[in-house]
Structures are given as C-alpha cells and as structure tokens.
Amino acid sequence: MSRVLLIALLVSWVACNVPGQAIGAELPRRIVSLAPSVTETLFALGFGDRLAGVTTYCDYPAEARKLPKIGDFMNPSLEAVVAKRPDLVIGVAGVTDPVKAREMERLGLKVVLVSVSNLSDILAAIRSIAALLGSEKEGEKLIAKIAAQVEDVKRRIAPAARRSVLMVVGFQPLISVGGKNFIDELITLAGGDNIARSAAQPWLNLPDEVVVAKAPQVIIEAGMGSEWGKSVKRWGDLRSIPAVREGRVYSYSSDKILRPGPRFGEALAELARLIHPECFASPSSRKRSEENRCESPKP
Amino acid sequence: MKVLNRRKMIQVNGVLFLLLILSVIGCSLLGPVPLDLSRAFENLFAPEPNAEILFRTRLPRVLLGIAIGGGMAACGVVLQALLRNPLACPQMLGVSGGASLGGILGLIFFPNWILPIGGGLLGEISWVPLAAFLGALLSMVLVYRFSLFHGRLHPYHLLLAGVIFNSFIAAIIMFLNSIVDFYQAQSLLFWLMGSLSTRAYLTVAFIWIYVLLGFLWLWAKGLSLNLITLGEETAMQLGVEIGSVQRQIFVASSLMIGAMVSVSGMIGFVGLMIPHVMRLIVGSDHRLLLPASFLAGGIFLGWADTLARLLLAPAEVPVGIITAFFGGPFFLFLLYREGRKKVAL
C-alpha cells in the first residue's frame with residue numbers, strides 16, 4: 001500500500017516537475033563569474049546586476065570592482081563560490097581549474113565553461129552566455145556592434161600597406177605576443193604582421209637579437225610598465241629597427257587589449273590607430289595626408 | 001698539505017682560459033638569427049642590424065653570462081667548503097631571496113624608474129637591479145646577525161638561517177604575486193626564472209668588476225679554505241683565524257651573489273654542480289679549484305645561454321632550465337664514474 005502511494009507520489013512529482021522545468025526553465029538570477037572577460041560580457045549584455053560574485057581581477061566596468069570577490073582568476077575559492085549560492089557559474093575553458101569546476105558541479109551548481117582562445121571563440125562565448133540568460137537578442141546586438149567596429153577598422157586601413165609589429169607585454173626579460181593568441185588575430189585585423197607569429201607559444205620570451213633581425217616597423221608596449229615616453233628610450237640603442245628610427249614605438253597602457261572579452265572591437269580600433277595613425281587622421285588633416293600617407297606607406 | 005703543483009695549475013687554467021675565449025667567440029657567433037660578420041664589422045657604430053645583433057645584443061649578453069657563471073661557481077666552491085656541506089649553493093645563503101624580493105618590489109612599484117649614470121653620459125640603469133641589490137645587502141646583514149653563535153659566524157646556523165630566510169622571502173614573494181594583477185604576475189614569474197638578457201655594457205662592466213674583485217678575495221683565502229675543510233679544530237691548530245676567514249668568505253660571496261641575482265635573477269645549478277664537477281676533475285685544492293671552477297662555470301653558462309636562445313627559436317627558454325637539464329645528467333654521470341673507480345681500486 002505504502003509502496004503504491006510512494007510510486008503515485010513519485011509519478012505526480014515527476015509529472016509536475018518535468019514539464020514545469022521545460023516550460024519555465026528558471027533563468028539564472030545569481031551568477032558567479034570566474035574570469036574578467038566573462039564579467040565584462042555579462043555587463044555588456046546588461047546583466048551586471050545578476051552577478052553575485054566575481055574574481056579579484058574583474059575591474060571593468062567600475063561597478064564590477066564593488067561586487068563580492070570569490071578569489072583570483074587562477075584560484076577561485078570553492079567555498080566562496082558555493083557561499084554565494086549561485087544558480088550559474090561561468091568560467092573559462094583552459095583557465096578555470098577543471099577539478100574545481102567538477103567539484104562545484106558535484107555540489108549541485110550549474111557550471112559552464114566558455115572558450116575564449118580566439119576571436120570566433122569570443123563571439124561564440126558571448127552568444128552562449130546570452131543564450132544561458134535567455135536573451136539571445138542582446139547577444140546578437142552586442143556581436144553586431146563588435147562586427148561593426150571590426151568592419152570600420154577594416155575599411156579605414158584597407159588602403160594602407162601592412163606593417164610588421166612587435167607587441168610587448170613584459171620587460172626584463174622581453175615578453176611578446178606569439179601566434180595562437182587572440183591578440184595576434186587583432187594585430188592582423190589591425191593591418192599588422194606580428195613578428196613573433198611563427199612561435200607556437202601564445203606568449204614568449206623574445207631575445208633582443210630576434211627583434212633586431214625581424215626589424216618591426218611598429219613596436220607597441222602593452223601591459224605592465226608601459227608608460228608614454230619611456231618606451232622610446234628603452235629601444236633607443238637599436239636604431240636599425242625601423243620602428244625606432246621612424247618613431248613608431250608606442251605605449252598602450254589599457255588592458256582592454258589583453259582581455260578576451262566584448263571590448264575587443266574597441267581595442268582593435270585603438271590598435272589600428274597605433275599601427276596606421278594616418279588612416280585615422282581627423283577629416284581636415286586627412287585630406288592632406290590621404291594620398292601620400294595612408295595609401296602609400298610602403299617600406 | 002700538498003704543495004701546489006704549479007705546472008698543473010698553469011696547464012688546467014690555461015686550457016680552461018683558452019676554452020673560455022673560444023666560448024665567448026662561439027657563443028657570440030651562434031644565435032637564432034644568422035649573422036653577416038663582414039657587415040657587422042664594417043658598420044661598427046652605424047645603425048645596421050648585423051652590427052646591432054652582434055655588438056649590442058649578443059656580446060654583452062655572452063659577457064654577462066660568463067661573469068655570472070664564473071661567479072656562481074666560485075661562490076659554490078667556497079660555500080661548500082665553508083658550510084662543509086656538499087649541497088651548499090649560492091641560492092642557499094638567503095641573499096638571493098633578499099635580492100629577489102627587492103627586485104620584485106622594484107618591478108611592482110617603479111618598473112620605469114631609470115637612474116642616469118654620470119649625468120646620463122655613461123648610460124642609464126633600471127632601478128629594478130638596484131632595488132634587488134639593496135634587498136641583497138639587507139638580507140646579508142640580517143642573515144649574518146642570525147648566524148652569530150657566541151659572537152662567531154657559525155656554519156650550521158648560517159645554513160639554517162639562509163634556508164629559512166629564503167623560504168620566508170619566498171612566501172612574501174608568492175603573496176605579492178597573488179595580489180598583483182594577472183599580467184604583472186606573469187612578468188614577475190619570468191623575472192624570477194632568470195635571464196641573461198641585457199644590452200647595457202655598463203651593467204656588464206659593474207658585474208665583472210664585482211665578480212672579479214670578489215673572486216680574487218675568495219681566491220686569496222684558498223689555502224685557509226683547504227684547512228677549514230679538514231675541520232675547524234685542525235684549521236685553528238694550524239693557525240687559521242677561522243672566525244675572520246668565515247666572515248670574509250660570507251661577506252665576499254654574499255656581495256657577489258647579491259649583485260649577480262640582481263641582474264640575472266635566480267639561475268640555479270651552476271653554483272651547485274660546477275664545483276663538484278671540477279672537484280672530480282682537478283681535485284679539491286682550493287687554490288686550483290677556485291679559478292678552474294670560475295672558468296668552467298663561465299664556459300658552462302655561456303653555452304647554456306646560447307642553447308637557451310637556440311632551442312625553441314625564436315622564443316627563448318629560461319636559462320635555468322638548460323643548466324639543470326644538461327648539467328644534471330652530466331653530473332650524475334661523473335658521480336657514477338667516480339663510484340666505479342673506487343670499486344676498481
């Protein structure tokens with residue numbers, strides 16, 4: 001008798017719940033982000049207010065700084081994540097510790113890892129995060145905005161000849177962006193050729209002699225220790241490098257470019273402006289320089 | 001105590017010195033990019049790629065590598081004797097930890113400060129190695145204070161104080177590493193791994209002066225070191241002023257290590273392995289062992305760094321990986337051969 005009752009109960013529970021879940025699949029209200037790029041994506045989609053926890057590295061937009069922290073992006077604290085009682089945890093594949101992700105799942109959390117290792121991955125990540133929040137439309141809007149930024153850059157630099165570029169992200173020793181890195185793709189889109197593209201590593205320690213031999217036409221220093229004015233000095237003794245000779249050594253101090261998130265369109269425009277400044281001249285000065293600079297800066 | 005065999009001294013060091021000169025030339029000619037020598041020499045002072053590669057990037061680097069390899073090996077020899085511990089190495093003294101912490105603080109707080117030398121006429125030096133050297137000096141004083149036992153430098157205490165001080169510093173470094181941002185943390189890590197990358201002849205000259213003076217100071221204590229390895233009491237009975245010798249060796253090697261780590265970070269294994277290898281080859285008379293180790297250490301690190309530039313070209317491998325990877329098995333092989341020799345006897 002009790003068994004029948006139990007089965008009946010069970011059946012009614014399943015009957016009530018399965019369709020219920022399918023219909024009203026509750027959209028996540030408390031989200032924990034395990035990476036700065038994910039936090040930025042959520043804010044860009046307009047869901048910043050649903051974030052219940054972010055990493056200590058999440059500093060953009062400014063509101064993100066005020067959110068509760070759950071540890072840094074390599075080492076999120078399992079306890080802190082669980083304590084936020086999130087109904088969705090979003091991390092980054094290859095960065096978020098898979099063992100920790102598994103443990104969170106075991107504790108009943110819904111964990112999604114997005115991949116952001118190249119530009120199409122970043123777009124796909126935006127799309128899937130938007131889908132998780134049930135607002136595919138917002139996702140498409142954001143992607144369209146980024147695509148428009150990319151198109152604008154492409155159109156502006158179209159007439160210019162490509163320039164070889166060294167992108168530095170650290171000194172002592174010199175660390176540069178290699179191939180297999182979304183920044184390498186950004187450099188390419190911005191009309192540059194990364195001199196360290198042949199390297200298999202995404203980041204690599206480049207000996208000075210390789211820089212001299214590759215003779216970059218533009219040197220961009222991003223990340224730590226980049227400061228206007230200092231960069232030119234740093235390279236001053238290697239005047240055979242065209243970038244040094246022609247004064248195309250720049251500092252780019254925003255970490256926008258280093259972050260595989262929704263601001264990459266903006267970063268691309270800024271990068272292209274450094275590589276091909278003549279293509280971004282203001283309309284008045286542009287007339288002057290259009291034919292002789294933007295269209296024919298051949299080495 | 002055996003009389004120093006002058007002929008052996010001249011032969012061994014002569015051969016090693018010749019090899020060192022050949023290594024400077026060889027290491028300067030080899031690299032990830034091919035070099036047109038005639039163009040390099042024709043354009044000595046012109047902005048020409050071949051000249052810049054040879055004289056501005058490779059040569060200072062090779063010269064720095066040789067000074068640091070030699071200095072590390074020489075410090076390893078005297079520390080192994082002073083502490084009477086075969087595992088003693090320059091990284092053990094606590095000074096390297098202090099230098100690393102100083103350098104890290106420099107990298108975090110003033111990565112762009114530059115100190116002009118001689119009003120900028122002699123070039124400029126980054127504050128990072130200066131901060132590192134300051135850290136080395138401070139830690140030298142601290143470790144020295146902690147190693148005093150009844151008013152005398154005690155080898156056992158020195159070893160313990162150095163090791164514990166280093167682990168304490170390592171904890172601080174890991175803490176700093178975990179509070180700075182991600183990219184800064186990566187940079188700190190690369191700096192800690194050590195690199196001989198330099199273009200400043202001024203820095204190279206400073207290191208050479210430091211290392212050479214330190215080396216001569218240590219070499220002058222060669223005979224006393226021979227006696228100390230026999231045991232403190234024996235040394236004292238034979239007239240060695242043991243307290244003074246220990247203090248001098250500690251100060252000289254600390255200054256050398258501090259300067260070296262400040263510029264190149266922690267390049268391990270040279271200071272541990274080269275003294276043992278050379279002891280197996282030339283014997284343990286410090287008057288011979290010290291210069292031989294200096295020369296061999298220079299040769300070894302020079303080639304290790306060349307390999308570091310070549311192995312994964314265009315990327316550079318941290319030179320500490322090369323020293324351990326190629327030095328370790330070679331050392332084990334020598335150890336094995338030595339073991340068999342004794343059995344055969």
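A polar contact is a pair of N or O atoms within 3.5 Å; within protein, one must be able to donate a hydrogen and the other to accept it. The model used here is predicted.

**Exercise 1. Describe the contact between chain A and chain B.**

Step 1. Find the residues. Chain A gives 37 residues to the contact, and chain B gives 36 residues.

Step 2. Find the area. The size of an interface is often given as the accessible area lost when the parts come together. Between chain A and chain B, about 3,200 Å² is buried. Carbon and sulfur atoms give 60% of that area.

Step 3. Count the polar links. Nine residue pairs are in polar contact between the chains, both residues being at pLDDT 80 or more.

**Exercise 2. Work out what chain A brings to the side that touches chain B.**

Step 1. List the elements. β5 (163-170), β8 (203-205), α9 (208-214) and α10 (230-235) of chain A each supply at least two residues.

Step 2. Pick the top contributor. α9(A) gives the most, with five residues.

Step 3. Sort by class. This side of chain A has 19 nonpolar, eight polar and ten charged residues.

**Exercise 3. Count the salt bridges between the chains and name one.**

Step 1. The count is four salt bridges.

Step 2. In a salt bridge, the side chains of B:Arg199 and A:Asp208 meet at 3.2 Å, N to O.

**Exercise 4. Check the length of helix α6 of chain B.**

Step 1. The helix runs over residues 155-179, which is 25 residues.

Step 2. At 1.5 Å a residue, α6 of chain B should span 36 Å.

Step 3. The end C-alpha atoms are 36 Å apart, so the two values agree.

Note on methods
Residues are numbered from 1 along each chain as its sequence is written. Chains are lettered from A and ligands numbered from 1 in the order in which they are written. This is a predicted model: local features need pLDDT of at least 70, side-chain atom pairs count only at pLDDT 80 or more; totals for chains, interfaces and linings use all residues. Side-chain values use heavy atoms; hydrogens and water are left out. Contact means heavy atoms within 4.5 Å. Buried area is the accessible area (1.4 Å probe) that two parts lose on being put together, summed over both. A polar contact is a pair of N or O atoms within 3.5 Å; within protein, one must be able to donate a hydrogen and the other to accept it, and residues adjacent in sequence count only if both atoms are side-chain atoms. Helices (H or I, at least four residues) and strands (E, at least two) are DSSP runs, numbered from the N terminus. Ala, Val, Leu, Ile, Met, Phe, Trp, Tyr, Cys and Pro count as nonpolar, Asp, Glu, Lys and Arg as charged, and the others, Gly among them, as polar. The expected span of a helix is 1.5 Å times one less than its number of residues.
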